[in-house]
Amino acid sequence: MKKKPAIGILGGVGCGKSTVADCFARLGCAVIDADGLAHEVLRDREVAGAVIERFGLNVLGAGGAVDRAALGRRVFGCPEDLAFLNGVIHPRVLARCEALMEHYQGDSGVAAIVLDMPLLVEVGWEKRCDFLVFVDCEEAKRAERVAKNGKIDVNELKKREKCQISLDKKKQIAHYSVHNNSDISDVAEQIAQLFSSITKGK
């Protein structure tokens, strides 16, 4: 069976990476949602225990589970805390991504494998991708989306991005750029065109 292309999505917080991933999914691609996997990992008893031991009970939500927003506010801005959290979560998330990639490679109904992974370049997984797609979006639009989402504010957005590889660098290494400043139909059309190029080997 011919190896399916692996497509990595790059972009800043609030740029619409998940929207782009959904467009790929509608074209027959399997999407690996690393953020969703991180949610699952944080619900693991061993992981939650390590997080609570390090950061205390104030990172728990009303239901007793780890509150990701509270945890994010605690670790972003403190390199040591962020490194600890990444050391606990990343190996588990990446192992699950690895297993899913292997599974989808053997699935004849899958056209390509899309990695929706916020820290794809930071963990070195851009090397596992055949193509990288950068989601370009104006900073004001990203801030608007983040504010509407309500999970983090603009200051938190900037603090998080300071801990990551610059967007300029990510855009520079991408094979394709998608502009996501307007509506979903425009994004879907761009994805359809670039996916056609990928599948035709252009």
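The model is predicted, so local features need pLDDT of at least 70 and side-chain atom pairs count only at pLDDT 80 or more, while totals for chains, interfaces and linings use all residues. Residues are numbered from 1 along each chain as its sequence is written, and side-chain values use heavy atoms, leaving out hydrogens and water.

**The sheet.** Select the 5 strands of the open sheet, which are ordered E2-E3-E1-E4-E5 with parallel pairing. Strands are DSSP runs (E, at least two residues) and helices likewise (H or I, at least four), numbered from the N terminus; two strands pair if DSSP finds at least two bridges between them. E2 and E5 (176-179) stand at the edges with a single partner each, so one side of each lacks a neighbour in the sheet. Next, display E1 and E4, which 4 bridges join; Ile 7 has Phe 131 of E4 as its bridge partner.

**The core.** Now select Val 51, Leu 71, Ile 89 and Leu 120, which have the most contacts inside the largest nonpolar core, one of 38 residues. Such a core is a set of buried Ala, Val, Leu, Ile, Met, Phe, Trp, Tyr and Cys residues joined through side-chain atoms within 4.5 Å, where buried means under 20% relative accessible area (1.4 Å probe, protein chains only) and exposed over 50%, with partly exposed in between. Around Leu 71, leaving aside neighbours within four places in sequence, the contacts (heavy atoms within 4.5 Å) include Leu 42, Phe 55 and Leu 85.
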